[in-house]
Amino acid sequence: MKEKGGKILLAHGAGGKLTHDLIHALFLPFLKNKLLCALDDSAVIPTGKGSRLAFTTDSYVVKPLFFPGGDIGRLSICGTVNDLAMAGARPLGLSASFILEEGFSAGKLERVLSSMKEAAMEAGVMVAAADTKVVEHGAAEGLFITTSGIGVISEGVDISGSRAMAGDAVIINGPIGDHEIGVLVARGDLSLEGKIKSDCAPLNGLVQAMLDTCGNIHVLRDPTRGGLATVLWEIANASKAGVIIDDQKVKVRQEIKGVCDLLGFDPYYLANEGKLVAFVPQEEAETVLEAMKANPLGREAGIIGAVVDENPGKVLLKTRIGGYRLLEPLSGEQFPRIC
């Protein structure tokens, strides 16, 4: 790491190339092992006799704490449930660790906890363990939450970012960019007003419906920090596969498109908290799509691309005028504190 004398930058937490570089330059040399090096959303832990557990952890530092469509509490439950679901796991239980700044409003904490309760019920999972620390005023910005989760993976399910194969169809469950723009509008950074809501939602029910239809899903990933472009790049690299996405088939809500056109944002790099991409064998894609559309969180699902033999490790976006654009990981910082 040579950026600014080797110091950590906000951009190192943006989920793009600098995050990738930070993990490989610092974290993996000290912590690497066969479970961590898979770099999937959850570690898959064999427990003997063919059964496996999924285990994951994540921290939430979103600013502001409350935004249209969610808050830090809902985000912390949904994010960890979704990380388990992206391994094809059924969540068994979560833990939650709270870092509170001295002086934080008890009323706001009550709102956050109520939201966590509702999200946990929606996902059908319990918060089975918790911890609280209070730090001095100024040592934190209100409230940070870390959640961890454990889930069980059914026999025969084998999902990883390294399993994309030529011939797979690429499916997404709806429009992109809602969460990041929703948070930024709520933050006031954009000097815009509007009713753009985050898509924050637990996806385990949708994933289970997909697995009930097709037990041979190769890849699941939720395009959070770094957006759809970065996630597709990570999958293409891990799988040594080429991916082609059709821009005309990727949905972006008109209001999100309007903000992007106005301020020069690329929706492919905006974070989502209720979306997933799935790589499934082409012959099973329509069946999976039908199952997704029967779920409220998959009604706007569609096939947006395919995995090909050419250009391993690269993602090409077929543009609306028939050309191709290389989709690379998020470079530098888009916006901090969006999850």
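How many of the residues of strand β10 (residues 242-246) are buried? I looked this up in the predicted model: four of the five are buried, so I noted β10 as mostly covered.

**Strand pairing.** I then checked the neighbours of β10. Strand β12 (residues 302-308) is joined to β10 by four bridges, and the two run antiparallel. Within β12, glycine 305 is the bridge partner of isoleucine 245. Strand β13 (residues 315-318) is also joined to β10 by four bridges, but this pair runs parallel. Here I found valine 243 bridged to valine 315 of β13.

**Salt bridges.** I counted 14 salt bridges.

Lysine 275 and aspartate 199 meet through their side chains at 3.0 Å, N to O. Lysine 275 sits in the loop between α7 (254-263) and β11 (277-281) and aspartate 199 in the loop between α4 (178-187) and α5 (204-213), so the pair ties together parts 76 residues apart in sequence. Lysine 275 is buried, at 6% relative accessible area, and aspartate 199 is buried at 11%.

Aspartate 266 pairs with arginine 325, with 2.3 Å between the closest N and O atoms. This pair links distant parts of the chain, 59 residues apart: aspartate 266 is in the loop between α7 and β11, arginine 325 in strand β14 (residues 324-327). I have aspartate 266 as buried, at 18% relative accessibility, and arginine 325 as partly exposed, at 32%.

Aspartate 158 and arginine 163 form a salt bridge at 3.6 Å, N to O. Aspartate 158 is partly exposed at 41%; arginine 163 counts as buried because its 19% is under the 20% cut-off.

The network of salt bridges I noted links Asp40, Asp41, Arg221 and Glu234.

**Cavities.** I searched the whole structure and found two cavities of 30 Å³ or more.

**Surface.** I noted a nonpolar patch of about 620 Å², made by Ile8, Leu26, Phe27, Phe30, Leu31 and Leu36. Isoleucine 8 lies in the segment before α1 (17-31). At 55% relative accessible area, isoleucine 8 is exposed.

**Glutamine 282.** My last entry is on helix α8 (residues 282-293), where glutamine 282 is found. Glutamine 282 is partly exposed, at 43% relative accessibility.

Notes: Residues are numbered from 1 along each chain as its sequence is written. This is a predicted model: local features need pLDDT of at least 70, side-chain atom pairs count only at pLDDT 80 or more; totals for chains, interfaces and linings use all residues. Side-chain values use heavy atoms; hydrogens and water are left out. Patches are made of residues with over 30% relative accessible area and no salt bridge: like charges are joined within 9 Å, nonpolar side chains (Val, Leu, Ile, Met, Phe, Trp, Tyr) within 5 Å. Accessible areas come from the Shrake-Rupley method with a 1.4 Å probe; for residues, only the protein chains shown count as cover. A salt bridge is a side-chain nitrogen of Lys or Arg within 4 Å of a carboxyl oxygen of Asp or Glu. Buried means under 20% relative accessible area, exposed over 50%, partly exposed in between (1.4 Å probe, protein chains only). Two strands pair if DSSP finds at least two bridges between them. On a 1 Å grid over the protein atoms alone, a cavity is a set of points where a 1.4 Å probe fits but cannot get out, and a pocket is an open set with protein on both sides within 12 Å along at least five of seven lines; lining residues have an atom within 4 Å of a point. Grid points are joined across faces, edges and corners, and a volume is the space filled by probe spheres set on the points.
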